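Dear colleague,

Please find below the structure that I am handing over to you. My notes on what was found in it follow directly after.

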Amino acid sequence: MGKSKRSESITTFLGSDASVEGVINFDGTIRLDGQVSGRITSNGGTVIIGEKAVIDGDIAVGIAIIKGRVKGMIDAGDRIEVYPPADIEGDIHAPVISIDAGVKFNGNCAMKSRNGLPVQNLGEWDADSEKIGDNVKNFPKNL
């Protein structure tokens with residue numbers, strides 16, 4: 001019998017000595033170790049940005065795993081994972097976001113649900129309040 005194809009296996013690879021200019025649209029999982037100038041898109045796919053990769057453009061995928069340099073917005077429908085020595089300059093959006101210590105990140109971070117709506121606030125926030133402890137129950141005041 002033939003082996004079934006695992007969805008986690010890398011289906012496309014761009015080596016460190018390659019560069020692409022334009023739009024990359026893919027299915028499955030792609031690993032990028034080279035240079036990309038343009039947009040990277042997938043309807044639910046996974047992009048892995050390797051340590052030596054340099055991406056100059058926006059990313060819109062299901063899952064984004066970042067270890068290299070990205071200058072642009074990252075929008076993931078499922079999750080974003082960022083590991084050192086990653087360097088991100090741009091906004092990131094996903095319902096689940098994980099950023100390890102040692103990562104350089106300069107941008108805004110927004111968590112949204114899988115349907116694209118913002119994650120529901122856990123409580124009311126009074127912008128004029130001077131103490132965060134006044135608005136959050138059981139929050140340690142010595143932090």
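In what follows, two strands are said to pair if DSSP finds at least two bridges between them. Please bear in mind throughout that this is a predicted model.

**The chain as a whole**

The protein chain has 143 residues, of which buried residues make up 34%. It contains zero helices and 14 strands, so that, by the definition of helices and strands as DSSP runs, its elements from the N terminus on read β-β-β-β-β-β-β-β-β-β-β-β-β-β. Among contacts with a separation of 6 or more, those between residues 24 or more positions apart account for 3%. The accessible surface of the chain comes to about 9500 Å², and carbon and sulfur atoms hold 48% of that area.

**Confidence**

The average pLDDT of the protein chain is 82, and 73% of the residues score at least 70. Two stretches require caution. Over residues 1-7 the pLDDT stays under 50, and the model has two contacts beyond four places in sequence for them. Residues 119-139 likewise have a pLDDT that stays under 50, with 12 contacts beyond four places in sequence. Where pLDDT is low, the predicted coordinates should not be read in detail.

**Pairing around β4**

Strand β4 covers residues 35-41. Strand β2 (residues 19-25) runs parallel to β4 and is joined to it by seven bridges; within this pair, Ile24 stands opposite Ile40. Strand β6 (residues 54-56) also runs parallel to β4, with three bridges between them, and Val36 has Ile55 of β6 as its bridge partner. Two further bridges join β4 to β7, again in parallel, and here Thr41 stands opposite Ala60.

**Pairing around β9**

One of the residues involved is Ile65, whose bridge partner in β9 is Glu81. Strand β9 pairs in the parallel sense with β11 (residues 92-93) over two bridges, where Asp75 stands opposite His93. The pairing of β9 with β12 (residues 96-99) is parallel as well and rests on four bridges; in it, Ile80 stands opposite Ile97. As a general point for reading these strands, side chains in a regular strand alternate between the two faces of the sheet.

Where in the chain does Asp33 lie? Asp33 is placed in the loop between β3 (29-32) and β4 (35-41). Is Asp33 buried or exposed? Asp33 counts as buried because its relative accessibility is 12%, and the cut-off for this class is under 20%. With which side chain does the side chain of Asp33 make a polar contact? The partner is the side chain of Arg31, at 3.0 Å.

Which residues surround Asp33 once its neighbours within four places in sequence are left aside? Asp33 is then in contact with Phe13, Leu14, Gly15 and Ser16, and also with Gly50, Glu51, Lys52 and Ala53.

**In brief**

The pairings described here link β4 in parallel with β2, β6 and β7.

With kind regards

How values were computed. Residues are numbered from 1 along each chain as its sequence is written. This is a predicted model: local features need pLDDT of at least 70, side-chain atom pairs count only at pLDDT 80 or more; totals for chains, interfaces and linings use all residues. Side-chain values use heavy atoms; hydrogens and water are left out. Buried means under 20% relative accessible area, exposed over 50%, partly exposed in between (1.4 Å probe, protein chains only). A polar contact is a pair of N or O atoms within 3.5 Å; within protein, one must be able to donate a hydrogen and the other to accept it, and residues adjacent in sequence count only if both atoms are side-chain atoms. Contact means heavy atoms within 4.5 Å. Accessible areas come from the Shrake-Rupley method with a 1.4 Å probe; for residues, only the protein chains shown count as cover. pLDDT is the predictor's confidence in each residue, from 0 to 100.
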